[in-house]
Amino acid sequence: MKKELQAHIDKLTNRYPALFSCKEEIINAYNIIEKSYESGHKFLLAGNGGSYADSEHIAGELMKGFKLPRRCSKDFAAKLKEVDSVRGAELAERLQGGLPAISLGGHQALNTAYLNDVQGGEYLTFAQQVSVLGQEGDVLLGISTSGNSKNILYATVVAKAKGLKVIGLTGANGGELAKVADVAVKVPETETYMIQELHLPIYHCLCLMLEERFFG
């Protein structure tokens with residue numbers, strides 16, 4: 001790993017010594033996401049409650065500038081101006097580079113229609129979204145403090161069937177998610193809010209590393 005990226009991991013474990021126990025898993029998770037983005041793929045994120053808020057948070061950090069300026073490329077800026085000299089110039093100045101990340105669960109028309117129309121589908125809305133949006137080479141991040149969230153587990157089955165890599169972000173017990181994920185980051189806490197308190201610095205670190213890699 002490049003020293004610039006390693007520096008983010010070192011800073012994370014220095015600030016949160018408890019996370020040293022899952023340092024290697026965090027690095028492995030990063031490597032999976034980096035490889036996917038290098039190949040032109042996307043990142044799907046799923047969680048419930050506070051973990052759903054975390055999935056939205058991650059998507060927000062990846063889809064626009066986080067710490068670094070992410071000006072659009074000169075080639076794209078030129079194309080924008082070719083389409084419209086006035087609006088294109090404004091867009092070229094203000095658009096920011098991003099990495100494609102989709103927080104699942106936000107499609108309320110789809111989700112409510114699916115729950116209304118499909119008998120026994122109460123745990124399958126994430127799975128439905130992955131079945132439509134997921135492509136081989138993409139990555140699914142399942143965030144579950146217990147590791148046993150049924151809708152996350154059903155989504156992992158679809159993800160694996162479609163050729164996606166699965167990363168789990170859980171608590172110390174890991175649950176079923178840790179068993180099926182390609183990489184499971186199990187933070188050393190068992191109380192829900194304490195688990196979530198450690199999830200945030202981990203995904204901030206991952207976002208910082210991805211920004212450094214693709215926009216640094």
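Glycine 47 stands opposite isoleucine 143 in strand 3.

First, the basis of the description. This is a predicted model, in which local features need pLDDT of at least 70 and side-chain atom pairs count only at pLDDT 80 or more, while totals for chains, interfaces and linings use all residues. Residues are numbered from 1 along each chain as its sequence is written, and side-chain values use heavy atoms, with hydrogens and water left out. Helices (H or I, at least four residues) and strands (E, at least two) are DSSP runs, numbered from the N terminus.

Strand 1 comprises residues 43-47. Strand 3, residues 139-143, runs parallel to strand 1 and is joined to it by five bridges. Strand 2, residues 101-103, is also parallel to strand 1, with three bridges between them; here leucine 44 has isoleucine 102 as its bridge partner. Two strands pair if DSSP finds at least two bridges between them.

Is strand 1 buried or exposed? Five of its five residues are buried, so the strand is largely enclosed by the rest of the structure. Buried means under 20% relative accessible area, exposed over 50%, and partly exposed in between, with a 1.4 Å probe and protein chains only. In a regular strand, side chains alternate between the two faces of the sheet. In strand 1 both faces are covered, with Phe43, Leu45 and Gly47 buried on one side and Leu44 and Ala46 on the other.

Methionine 63 is partly exposed, at a relative accessible area of 46%. Its C-alpha atom is separated by 7.3 Å from that of glycine 97, 34 residues apart along the chain. Leaving aside residues up to four places away in sequence, methionine 63 touches Arg70, Gly97, Gly98, Leu99, Pro100 and Ala101, where contact means heavy atoms within 4.5 Å.

Finally, the cysteines. How many disulfides does the structure hold? There are zero, a disulfide being a pair of cysteine sulfur atoms within 2.5 Å. For cysteine 205, the nearest cysteine sulfur is that of cysteine 207, 9.3 Å away. That separation is too far for a bond. Cysteine 205 is buried, with a relative accessible area of 4%, and cysteine 207 is buried as well, at 2%.
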